[in-house]
Amino acid sequence: MPANLPPQYVEAEKRYRMARDTEEKLDALQQMLAIMPHHKGTDKLHADLRKRIAKLSQEAEKRNATARRAGFYIEKEGAAQVMLVGHTNVGKSKLLISITEAVSAVAQYPFTTKTLIPGMMKFDNVQIQLIDTPPIEHKNIRTLLGNSLRRADLIAIIVELGSDPILQLESTLKVMKETRIEFISSGQEITPGSFTSKALIIANKDDVNNAMIEWKKLKNRYDGIFPIASISAKEGHGLEELKNTIFYALDIIRVYTKIPGSKVDLSDPMIMKRGDTVEDAAESVHKDFRQKLKYAVVWGSGVFEGQRASKRHVLRDGDIIEFHI
Ligand SMILES: Nc1nc2c(ncn2[C@@H]2O[C@H](COP(=O)(O)OP(=O)(O)OP(=O)(O)O)[C@@H](O)[C@H]2O)c(=O)[nH]1
Ligand SMILES: [Mg+2]
C-alpha cells in the first residue's frame, strides 16, 4: 500500500471493513476513492477501488430489483418519504388510510400488512409520501424492511396508548438498532458505523381507556428527545396537528422562485433543506445558477420585504426569491 495516504482514507477504509451491508460498503469505498491522492503510485489502488465499486453497485441494483418485486421498494414521490413502523396492531394501516387516499387492510387480528403500501398526505401546498409497513415482529422481512427504512427521509414510530407505550417504543428502537438504524436525538450516542435517521413518535388510540395517563408517561419520558404527537386514527383526533409535526420533523422548507416583473406562483413550492441558502436554491433551479448568480431579492420572514440578499443568506419556510443573473 502506498505510504502517503491521508488519515481520512485510513478512517474510510476502517468503515469499509466494519460495514455490514452493501450500501455502507459502497459509501465507504466511494469516500476512499474521493480522498485518495491520484498519482502513479496509486494507479493500481485506484483501478482496484473502481472495480470493487462497480461490482457492489451491480449487486445493489440486483437487490433493489428483488425488493421491488417483493413490494419492498417504493419510489419516492412528493416532497419527502416517511415510513410508518411499529409493532403489530398499533394502527399503522388505520393511520395511513385516515390521513391519505390510500387503501390498506385494517384488522383486529395481528400481522395484517404484508408489504409496503404508499399513500400521499397533503399538508398545505405540499404532498408528503407516507408508507405503511408490515409489523416489526416479522423477523423474515427485517433486512428488506431495514433497507427501505434507510431510504426514507423520516421514520415515524407508531405506538398505541392501549398498552404501555414506553415499552413498545423501547422495543421498537431495539429492533431498529438490531437492523443498524439509529436516530438523531438529543443526548443519544450513535454506535459508529450505524445508519442514522430522523424519527418521530406517534402515539395512536388516544380514544381508549387510560390513554391520557399513558400519554403523559410517554411525553414525560420522550418530549424534547423526539418530536412526538398523540392521535386517534380511528376518531380522527390530532391528525391536522400531526401533519404539522411531520412537516417540521422533516426539516424541509418551501421556497417560491419568481421571475423579475412577474407574479409568484404560491401553489408550487420548491422543497429545500432547512439551513439551505440563496445560492443552494439557485443551484436547484439550474446547476449553472450558483456560478452565474449576481444577487437575489428575497421576500419573507428573514429579511425586509423585497430586499437584496447575499448568496449566503439562509432561507426560511415561505420565502420568495427572485434571482438576478
Ligand atoms: N380504539 C382505536 N382502535 C384503533 C385505532 N387505530 C386502529 N385501531 C384498531 O386497531 C386494530 C389494528 O389496526 P391496524 O391499522 O390494522 O394495525 P397495524 O399496525 O397496521 O397492524 P399490522 O398490519 O398487523 O402491523 C384494528 O382493529 C383497528 O381498528 C384508534 O385510533 N383507536
Ligand atoms: Mg397494517
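Q: What is the strand order of the open sheet of six strands?
A: This is a predicted model, in which local features need pLDDT of at least 70, side-chain atom pairs count only at pLDDT 80 or more, and totals for chains, interfaces and linings use all residues. Residues are numbered from 1 along each chain as its sequence is written, while chains are lettered from A and ligands numbered from 1 in the order in which they are written. Strands (E, at least two residues) and helices (H or I, at least four) are DSSP runs numbered from the N terminus, and two strands pair if DSSP finds at least two bridges between them. With mixed pairing, the order is S2-S3-S1-S4-S7-S8.

Q: Which strands stand at the edges of this sheet?
A: An edge strand here has a single partner strand, so one side of it is left without a neighbour in the sheet. That applies to strand S2 (117–123) and strand S8 (228–230).

Q: Which residue in S4 does Gly 86 stand opposite?
A: Strand S1 (residues 81–86) and strand S4 (residues 154–160) run parallel, joined by five bridges. Opposite Gly 86 stands Ile 158.

Q: Which residue in S12 is the bridge partner of Val 297?
A: Strand S11 (residues 295–299) runs antiparallel to S12, and three bridges join them. The partner of Val 297 is Arg 308.
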